[in-house]
Amino acid sequence: MKRASGKSTCPVNFGLEAFGDPWSLLVVRDVVYFGKHTFNEFLASDEAISPSVLTARLDALTSAGILRRSPDPADGRRVRYDLTERGLGLIPALVEIAEWGATHDPDTGAPADWIALVRDDKQEMIRRYTETVRRGGSVFVGEDSVVAQVQAAQV
């Protein structure tokens, strides 16, 4: 992604230019935490993004090198979005935002035991998130999810 001309060279500004609206980070969250990869899966998220905004965000995230667009192996007529290595680099920021939100939102939907697990060994959990998502999995959904891995390790 190129920096907008005339903008500061501050790294925070660069990051905000790449993913500086809530919709972009929610799309990344949906890939990481819930294993969503298609337009209709993103559209079905609780936040009720409009189709035109979703299209714009997917295009912007792809242009910024955060998402990779490819034919869906299950149905070549659909497009699949996956995180690139650059996008995987956002996982630590998502974990920090989730922890902050769970701490300060009295109505959080985050399970307290999961937040405690992340706090107990954040670096290991970030490593697990990253490796699992890199393989096409997610944190909460699927047989190879991070939740399934943690549960298997506790048995």
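Select Glu-131 and Arg-134 in helix H8: being 3 residues apart in that helix, the two are separated by about one helical turn. Helices here are DSSP runs of H or I with at least four residues, strands are runs of E with at least two, and both are numbered from the N terminus. The model is predicted, so local features need pLDDT of at least 70 and side-chain atom pairs count only at pLDDT 80 or more, while totals for chains, interfaces and linings use all residues. Residues are numbered from 1 along each chain as its sequence is written, and side-chain values use heavy atoms, with hydrogens and water left out.

Show the side chains of this pair. Glu-131 forms a salt bridge with Arg-134, with 2.4 Å between the closest N and O atoms. A salt bridge means a side-chain nitrogen of Lys or Arg within 4 Å of a carboxyl oxygen of Asp or Glu. Glu-131 is partly exposed at a relative accessible area of 30%, and Arg-134 is partly exposed at 38%. The cut-offs for relative accessible area are under 20% for buried and over 50% for exposed, with partly exposed in between (1.4 Å probe, protein chains only).

Next, select Glu-96, Glu-99, Arg-119 and Lys-122, which salt bridges with shared partners join into one network. Within this group, the side chains of Lys-122 and Glu-96 meet at 3.0 Å, N to O. Lys-122 lies in helix H8 (residues 122-134) and Glu-96 in helix H6 (residues 91-104), so the pair ties together parts 26 residues apart in sequence. Lys-122 counts as buried, at 18% relative accessibility, whereas Glu-96 is partly exposed, at 41%.

Move to Glu-47 and Arg-29, whose side chains form a salt bridge of 2.8 Å, N to O. This pair links distant parts of the chain, 18 residues apart: Glu-47 is in the loop between helix H3 (39-43) and H4, and Arg-29 is in helix H2 (residues 22-34). Glu-47 is partly exposed at 33% relative accessibility; Arg-29 is buried at 19%. Across the whole structure, a search finds 14 salt bridges.

From there, select Ala-56 in helix H4 (residues 51-63). Ala-56 is partly exposed, its relative accessible area being 37%.

Finish at the strands. S1 (residues 67-72) and S2 (residues 75-83) pair in the antiparallel sense over 6 bridges; pairing requires at least two bridges between two strands in DSSP. Select Ser-70 to find its bridge partner in S2, Arg-80. The hairpin joining S1 to S2 runs through 2 residues.
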